[in-house]
Amino acid sequence: MAYAPTSSLGEALEVSPCEGSSGLSDRRSRNLEAQIMEGQRSMRRIRQRTSGLFLLFSTIAGTLYLALKISADLVVNDKACGTPSKPAMHALTAVLALLFSIRYIALNLAPLADDVILMRCVIVANSLLEIPDCILIFRSPNTHAASKWMMLGTSIFVWVLSVWPMIGKSAATIQARLWPMLVGFLAVITSSSAIRTVYMAFMCHTLSSAVWWFIILGITILVLCTARSRERLQALARRIGGVHGATTMSGASIAGLVGECPAKDILSEASIRFHCLDLGGLSFSDVADNTPDPGLFRRSSICKFGQCDAFISHSWHDDAIAKWEALQSWRRTFVAQHGREPRIWFDKGCLDQDDITRNLRCLPIFLTGCTRLVILCGTTYLERLWCVMELFTYLHAGGDIGRIDFLRVVHEGQAEANWSCITSAVNTFDARSCNCFLSADLERMLAIICAAYGSLDVFNTTVQRIMRQLLAREAGYHKQSRCLGFTSSRKSVSEDTSSFSSSSSSSSSSESDVEAQPANACTLL
């Protein structure tokens with residue numbers, strides 16, 4: 001499957017020899033700026049069409065609900081043991097319950113996963129919608145007093161509980177509180193309908209039309225309880241709105257990482273923050289752990305887009321020696337082909353530890369500024385969401401899958417078991433199970449993915465498809481190498497790491513120790 005569009009960030013950043021000394025030409029800079037702006041437009045288009053469609057459904061359903069509610073009040077007698085419910089009354093009640101459900105479902109599905117402002121507006125709207133219902137019920141002469149006070153209690157419940165999601169700081173926190181609040185509100189109405197139905201059945205020997213509220217709201221609660229059901233409804237709205245194409249979604253996801261900053265500002269900022277390192281000048285101790293090393297950053301140099309040979313994507317939780325061995329193997333191949341040492345982008349040495357946030361915002365530009373993507377894939381690679389986003393961003397920003405060097409990172413004597421673990425991780429990949437050093441980063445990236453794709457399941461399928469292609473190609477290369485009699489040796493690695501190991505023998509390399517380190521650009525990735 002092709003992941004490189006005809007006009008892409010990758011093409012915009014491809015620097016010809018005559019342009020290399022002066023950086024990006026004006027034409028290429030304009031092309032790159034246009035691509036970022038198109039991604040931002042795609043994100044805005046998704047917001048407008050998806051959110052607008054849900055708000056339209058909610059408005060229509062809400063208007064019809066209030067109109068029918070006023071009409072129904074003239075004929076429906078809710079007082080105890082009144083005239084038995086007629087079929088027309090049952091039909092009218094069922095329609096009312098359905099419109100009520102659609103009004104709330106559509107309204108609360110309107111905000112995308114990262115839209116904090118619209119989420120807060122929806123919370124306010126949920127509270128305001130209770131006011132006309134209360135007025136209609138209290139002014140109705142046909143409504144039993146108990147039902148009136150039940151409605152007032154439900155409204156107060158919504159108003160008080162709305163404060164809980166409203167004070168959430170992040171989009172993920174607000175959503176995590178919004179849906180339980182809505183389900184709780186609907187559960188109260190469902191319970192009161194069930195009580196009404198049972199009362200009428202035993203005391204009046206008739207089936208109350210309130211049974212439809214119990215049935216329809218019960219189904220609504222089941223639908224809203226799971227994130228996957230909500231994501232499927234949003235994906236349906238995207239298809240109706242015509243914003244479900246792969247190009248639109250991938251552009252929107254990159255725009256989510258970059259943010260709403262002007263494209264020209266992002267490019268200008270990225271151009272002065274893009275650093276690279278000479279791989280031949282690195283030692284094992286430089287890459288063995290993610291402890292911040294300002295000295296390593298000072299050894300890096302500002303690099304022009306297109307002049308960095310490779311972006312190194314890896315997990316700090318994989319075996320350091322195995323990663324170093326794989327990286328050195330790639331380096332030897334590069335030197336043999338090009339006659340020089342490769343220039344690489346490596347997080348620990350190329351991200352300014354004093355300004356992590358602004359550097360990470362430029363990450364999509366850094367990725368497209370590198371000629372190739374080198375993946376050091378170990379057993380934990382797919383567990384780190386930053387790693388997955390690096391691969392995903394590189395491809396969907398215009399990088400060709402043929403320019404990805406996929407290197408397996410396996411422990412000595414456990415190669416087959418590790419490889420089996422990696423392939424299993426691909427088949428079962430789920431972004432919901434990924435981790436980041438900072439929970440805020442995890443929430444933000446999941447929100448970006450959901451906003452761009454509408455469903456994490458769609459993103460998961462895309463990542464699995466990409467990884468299966470890479471694994472199949474790597475398995476073919478590995479099989480060919482074994483047939484030719486190539487073997488790997490760790491002798492040079494052990495010699496290079498002996499001094500480092502002796503100096504750091506008291507330090508544990510377990511995952512828990514890595515997690516205990518202070519936050520820095522390396523642990524974030």
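The following questions and answers walk through a predicted model of one protein chain.

Biologist: How many helices and strands does the chain have?
Modeller: Start with the overall make-up of this predicted model. The chain runs to 525 residues, and 50% of them count as buried. Its elements are 26 helices and six strands.

Biologist: What share of the contacts in the chain with a separation of 6 or more comes from residues 24 or more positions apart?
Modeller: Contact here means heavy atoms within 4.5 Å. Take the contacts with a separation of 6 or more, and pick out those between residues 24 or more positions apart. Their share is 81%.

Biologist: At what angle do helix α20 and helix α22 pack?
Modeller: Helix α20 covers residues 385-396, and helix α22 covers residues 439-453. Their axes lie 11 Å apart. The crossing is left-handed. The packing angle is about 35°.

Biologist: Which residues of α22 meet α20, and how does the contact split by class?
Modeller: From α20 come Leu385, Trp386, Met389, Phe392 and His396. They meet Asp441, Leu442, Met445, Leu446, Ile449 and Tyr453 in α22. By class, the contact has nine nonpolar, one polar and one charged residues.

Biologist: How many of the 15 residues of α22 are buried?
Modeller: Buried means under 20% relative accessible area. The buried residues of α22 include Asp441, Leu442, Met445, Leu446, Ile449 and Tyr453. Ala447, Ile448, Cys450, Ala451 and Ala452 are also among them. Helix α22 is largely enclosed by the rest of the structure, because the buried count is eleven.

Biologist: What span should α22 have, and how far apart are its end C-alpha atoms?
Modeller: The expected span is 1.5 Å times one less than the number of residues. For the 15 residues of α22, that gives 21 Å. The end C-alpha atoms agree, at 21 Å apart.

Biologist: How many salt bridges does a search of the whole structure find, and how far apart are the closest N and O atoms of Asp457 and Arg228?
Modeller: The search finds 13 salt bridges. A salt bridge needs a side-chain nitrogen of Lys or Arg within 4 Å of a carboxyl oxygen of Asp or Glu. Asp457 and Arg228 form one, with their closest N and O atoms at 3.3 Å.

Biologist: Why does the pair of Asp457 and Arg228 tie together parts that are apart in sequence?
Modeller: Asp457 is partly exposed at 22% relative accessible area, and Arg228 is partly exposed at 36%. Asp457 lies in helix α23, residues 456-483. Arg228 lies in helix α11, residues 227-241, so the parts tied together are apart in sequence by 229 residues.

Biologist: Which residues does the network with Arg432 and Asp457 join?
Modeller: Arg432 forms a salt bridge with Asp457, with closest N and O atoms 3.3 Å apart. Arg432 sits in the loop between α21 and α22, and Asp457 in helix α23, 25 residues apart. Salt bridges that share partners make one network, and its members are Arg228, Glu231, Asp430, Arg432 and Asp457.

Biologist: Which residues is Trp179 in contact with, leaving aside its neighbours within four places in sequence?
Modeller: Trp179 lies in helix α9. At 5% relative accessibility, Trp179 counts as buried. Its C-alpha is 10.0 Å from that of Ile221, 42 residues away in sequence. The contacts of Trp179 are Asn108, Leu109, Leu224 and Arg230.

Biologist: Which residues is Gly218 in contact with, leaving aside its neighbours within four places in sequence?
Modeller: Gly218 lies in helix α10, residues 211-224. Gly218 is partly exposed at 21%. Its C-alpha is 9.8 Å from that of Val183, 35 residues away in sequence. The contacts of Gly218 are Thr190 and Trp213.

Technical notes
Residues are numbered from 1 along each chain as its sequence is written. This is a predicted model: local features need pLDDT of at least 70, side-chain atom pairs count only at pLDDT 80 or more; totals for chains, interfaces and linings use all residues. Side-chain values use heavy atoms; hydrogens and water are left out. Axes are lines fitted to C-alpha atoms, for helices over the stretch in contact, and angles run from 0 to 180 degrees between N-to-C directions. Helices (H or I, at least four residues) and strands (E, at least two) are DSSP runs, numbered from the N terminus. A crossing is left-handed if the near helix is turned anticlockwise from the far one by less than a right angle, and right-handed if clockwise. Ala, Val, Leu, Ile, Met, Phe, Trp, Tyr, Cys and Pro count as nonpolar, Asp, Glu, Lys and Arg as charged, and the others, Gly among them, as polar. Buried means under 20% relative accessible area, exposed over 50%, partly exposed in between (1.4 Å probe, protein chains only).
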